[in-house]
Amino acid sequence: MCKMLVSKETLIRSGFPPYTASSILRQAKHFMVQQGYEFYEGRRVSIVPIQAIKSVIGDVEFSETEE
């Protein structure tokens, strides 16, 4: 079963440096807000849907995702 949420830690485990992982997550949250999901404006939200990540960095495969 493919889980649909990605966190900063998942991005780091996938090989991104910590600052880059934070930047990708921030951009993905901004994308979600633009799509009308105001929940992602919160500072404490630390996971985003994998589709938002793919909109920022393209089609990538993650070995581990979180719920």
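**Close-up views of a predicted model**

At 31% relative accessibility, K54 counts as partly exposed. The legends below describe a predicted model.

**View 1. K54 and D59 form a salt bridge.** The side chains of K54 and D59 meet at 3.4 Å, N to O. D59 is exposed, at 65% relative accessible area. K54 falls in the partly exposed class because its 31% lies between the cut-offs of 20% and 50%. The structure holds 1 salt bridge. Side chains of opposite charge can pair when their charged atoms come close.

**View 2. G58 follows α3.** The phi of G58 is positive. Its value is near 95°.

View 3. Which residues of α3 are buried? They are I50, A52 and I53.

**View 4. The largest nonpolar core has 13 residues.** Those with the most contacts inside this core are V6, L11, A28, Y40, V48 and I53. At least two core residues come from α2 (18–34), and at least two from α3 (50–57). Which element gives the most to this core? α2 does, with 5 residues. In soluble globular proteins, nonpolar side chains tend to be buried together.

Terms used
Residues numbered from 1 in each chain as written. Predicted model: local features only at pLDDT ≥ 70, side-chain atom pairs only at ≥ 80, totals over all residues. Heavy atoms only, no water. Core = buried A, V, L, I, M, F, W, Y, C linked by side-chain atoms within 4.5 Å. Buried < 20%, exposed > 50% of the residue type's maximum accessible area, 1.4 Å probe, protein only. Helix = DSSP H or I, 4+ residues; strand = E, 2+ residues; numbered from the N terminus. Salt bridge = Lys/Arg side-chain N within 4 Å of Asp/Glu carboxyl O.
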